[in-house]
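Student: I'd like to learn how to read a protein model. Could you walk me through it?

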Amino acid sequence: MHGSETMQVNSNMPTRKKAAAKKPIVTHTTAKLAPLRRLWLSTSLPIRTRINKLLVRRPHRSFRMTKRRDYRRSFKMPGYWSFTNFVRATLWRNWKLFGGLALVYIVMTIVISGIGAQESYSNLSDALKQSSGDLFKGNFGSVGQAGLLLFTSITTGLSPNLTQAQSVLGGLVFFYAWLASIWLLRNTLAGNKPRLRDGLYNSGSPVLATIAVGLIVIAQLLPASIAIIIYSAAQTSGLLEGGVSAMLVWSGVILLGLLSLYWITSSFIALVIVTLPGMYPMQAIRTAGDLVIGRRTRVLLRLAWLLLIIVLTWIIIVIPIILFDAWLKQLVPAIQWLPLVPLTIIALGSITLIFTTSYIYLLYRRIVDDDAGPA
């Protein structure tokens with residue numbers, strides 16, 4: 001046995017004659033290709049190293065069936081109501097701090113964008129009453145009218161004649177409110193006692209990185225935008241009336257929408273990660289992807305629950321105020337100038353922003369605390 005193994009090794013060893021025969025011949029062309037080869041190796045090595053690290057961090061492979069043992073990952077979270085109440089309690093314990101931040105955001109929004117013209121709201125309300133027709137005839141007619149008015153006010157805005165400078169400044173105020181909420185919440189949970197002034201002055205350093213991640217989120221929403229365009233074009237052209245064509249259209253719309261959802265699930269977490277000192281936008285995107293791998297569906301359900309809570313809150317609060325505003329101004333015509341609904345929308349918008357930021361930040365903290373990697 002040992003002798004045969006030695007003979008096999010010796011037979012594989014090249015003789016001097018064979019080695020001489022295989023000796024490469026250096027020509028002028030080979031000398032020219034040597035620098036190109038070194039350039040190729042130096043360029044491709046970092047790319048291959050990054051790909052290998054990605055494959056080690058994420059066991060899932062695109063377009064391949066993943067075994068359950070490779071994507072099972074723990075996600076220790078309280079229930080939906082319990083976590084929502086935890087976020088509310090955290091903000092309520094520091095109501096002066098976050099209430100002051102909401103007040104600052106309201107004032108800045110009014111200064112930059114205006115309070116929303118009461119005349120625009122009145123004209124919109126009159127137009128809805130005249131064009132509603134039979135839609136609002138019934139027991140819930142006024143409630144349906146108020147709901148449509150609320151949706152139109154939020155989507156189109158009550159100050160449509162904003163300049164480009166006002167729009168840019170409004171976006172910056174939004175990002176600064178997001179960053180200030182995260183900064184105050186992070187320091188509060190660390191056991192410190194930050195002041196609102198410190199949060200406003202010190203939280204703005206990652207604003208450019210946050211805007212960059214926000215632009216990435218907008219780019220990730222492009223498939224969903226294309227899906228909406230396809231659906232609108234198919235509805236206009238009548239493609240949705242046929243069986244096969246409707247199936248193809250709905251398949252494309254659903255796939256494009258799912259692609260956007262897949263991307264933005266981790267990007268919302270990246271908007272929090274990018275606020276860490278020394279964090280770059282693409283690094284935050286990669287880190288967020290590593291955190292949600294194996295948990296993406298559960299994180300998406302938590303974000304969907306947040307959206308549901310926000311929509312229900314707006315409906316429960318704003319629609320009664322719209323109804324009360326219409327009744328009160330019919331009763332007392334002298335207060336037609338009072339912008340009650342626009343003020344409510346601005347105030348509730350600031351509270352929604354702070355609550356959404358706190359919800360996503362605390363969700364991120366729960367994910368980080370459960371540092372178990374994929375199986």
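This is a predicted model: local features need pLDDT of at least 70, side-chain atom pairs count only at pLDDT 80 or more; totals for chains, interfaces and linings use all residues.

Student: How many helices and strands are in the protein chain?

Tutor: You'll find 16 helices and zero strands.

Student: Is S266 buried or exposed?

Tutor: Buried means under 20% relative accessible area. S266 has 8%, so it counts as buried. You can find S266 in helix α13, which covers residues 243-273. Leaving aside neighbours within four places in sequence, S266 is in contact with A288, G289, V292 and R296.

Student: And R296, what does its charged end sit over?

Tutor: The ring of Y262, at 3.9 Å from the ring's centre.

Student: How is a pair of aromatic rings described?

Tutor: By two things: the distance of the centres and the angle of the planes. Here the count comes to nine aromatic pairs. One of them is Y80 with W305, a tilted pair at 5.5 Å centre to centre and 55° between the planes. Y80 lies in helix α5 and W305 in helix α15, so this pair ties together parts 225 residues apart in sequence.

Student: Which kind of pair do F83 and Y359 make?

Tutor: Their centres are 5.0 Å apart and their planes at 80°, so that pair is edge-to-face. F83 lies in helix α5 and Y359 in helix α16, so parts 276 residues apart in sequence are tied together.

Methods
Residues are numbered from 1 along each chain as its sequence is written. Side-chain values use heavy atoms; hydrogens and water are left out. Helices (H or I, at least four residues) and strands (E, at least two) are DSSP runs, numbered from the N terminus. Buried means under 20% relative accessible area, exposed over 50%, partly exposed in between (1.4 Å probe, protein chains only). Contact means heavy atoms within 4.5 Å. Rings of Phe, Tyr and Trp (its six-membered ring) pair if their centres lie within 6.5 Å; planes under 30 degrees apart count as stacked, over 60 as edge-to-face and the rest as tilted. A charge sits over a ring if NZ of Lys or CZ of Arg is within 6 Å of the ring centre and within 35 degrees of the ring normal.
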